[in-house]
Amino acid sequence: MSKFMSERFSKLIAYVPGEQPRDFSYIKLNTNESPYPPAPAVFEALNAGEIANLRLYSDPECGELKRTLADYLGVGSENTFVGNGSDEILSFAFMAFCDKNIPVSYPDISYGFYSVYADLYGIEKNEIPLREDFSIAPEDYFDLGTTIFIANPNAPTGLCLSAGEIEDIVKANPDNVVVIDEAYVDFGGESCVQLTKKYDNLLVIQTYSKSRSFAGGRLGFAVGCKPLIGDLEKLRYSTNPFNVDRLALAAGVAAINNQSYYDNNIFKIIHNREYTTSELRELGFEVLDSKANFLFASTAKLSGAELYAGLRERGILVRYFNRPRIDRFVRITIGTREQMDALISAVKEMLNNA
Ligand SMILES: *Cc1c(COP(=O)(O)O)cnc(C)c1O
């Protein structure tokens, strides 16, 4: 750290993303990307004409993308917000709806960025322990008097709450914003997007990164009542009105218009998830019931660190979290059937040597 770094950030610990090796030699099951390319319509949209247009700024209102998303979701354009990945939208939501007088609550085991944003913005953290079985107890989130962030399905567990349970939380906190991070909802969760019409304190955030094969394109969106969206827009226009670039805007529209392509990929990923779950359970693994595009799995025979290292030696990257309660687990992204078979073979080999 230089001597010039602001005192405010001297103790900040930055988010650590999963490894992104520069070569393609690994089977990459560590950052929940899709194993499939974007839809054919996205390839067509990112054409020479669009590249030539890069000399011009992008549409700061993101009008066409907002209208496309609004039609697709059955909400108004004024109820939608788009950002440079959902991480950016989460950042705006922390900035907008928390401060030194409004703390934030979220599960103690969840998406790592929540605590980083709280620290970045000087927000008091109320980390609520998951139950022993790693599920979220909805009643722990009633009448908190804080802003609430919940990933549903949760990461890295893959477990989810029903829309009814989320609605109970939203109803029980009428004076605070409840943010539902639906990064993985397309893989079998229940979306709360429609509930945003009924509650003025609910913000739902989704992303193109996982189910729409666009992690490297950086595009996310949020849905909420008009005033909540207005608050986010104020911060976006005060930060970077061109946060979503031309290529992402064009790809974002094309992707929604080619949704059946993604639905087919989601179907395959869910099938591979169920297949891998039963194979690993057959090998004696504990595997949580995932509704996401990853599994959270452990075995009594090897620690999480050993699983991670052994798989890496065999050319397979997974995610390991060196934290109490979850250090025996690894998080495995669901890839193609071939990739999952390679994972299962590697695991069998390691168990035989253990
Ligand atoms: C991947 C992920 C995100 C971030 O997605 P981007 O749109 O790529 O920024 C947000 N929340 C959760 C829970 C995630 O797993």
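The side chain of arginine 246 reaches the backbone oxygen of leucine 56 at 3.0 Å. Arginine 246 lies in helix α8 (residues 246-256); helices (H or I, at least four residues) and strands (E, at least two) are DSSP runs, numbered from the N terminus. This is a predicted model: local features need pLDDT of at least 70, side-chain atom pairs count only at pLDDT 80 or more, and totals for chains, interfaces and linings use all residues. Residues are numbered from 1 along each chain as its sequence is written, and side-chain values use heavy atoms, with hydrogens and water left out.

**Domains**
- The domain assignment, automatic or from a database, gives domain 1 (7-37 + 260-353) and domain 2 (56-256).
- Their centres, taken over C-alpha atoms, are separated by 24 Å.

**Interface**
- In contact (heavy atoms within 4.5 Å) are 30 residues of domain 1 and 31 residues of domain 2.
- Between them the domains count 1 salt bridge, defined as a side-chain nitrogen of Lys or Arg within 4 Å of a carboxyl oxygen of Asp or Glu.
- Arginine 325 forms a salt bridge with aspartate 108, with the closest N and O atoms 3.8 Å apart.

**Nonpolar core**
- The largest nonpolar core has 52 residues, of which Val42, Leu65, Phe134, Leu202 and Tyr208 touch the most other members.
- Such a core is a set of buried (under 20% relative accessible area, 1.4 Å probe, protein chains only) Ala, Val, Leu, Ile, Met, Phe, Trp, Tyr and Cys residues joined through side-chain atoms within 4.5 Å.
- Helix α8 gives this core its largest share, 8 residues.
- Both domain 1 and domain 2 give residues to this core, so it lies between them.

Technical notes: A polar contact is a pair of N or O atoms within 3.5 Å; within protein, one must be able to donate a hydrogen and the other to accept it, and residues adjacent in sequence count only if both atoms are side-chain atoms. Buried means under 20% relative accessible area, exposed over 50%, partly exposed in between (1.4 Å probe, protein chains only).
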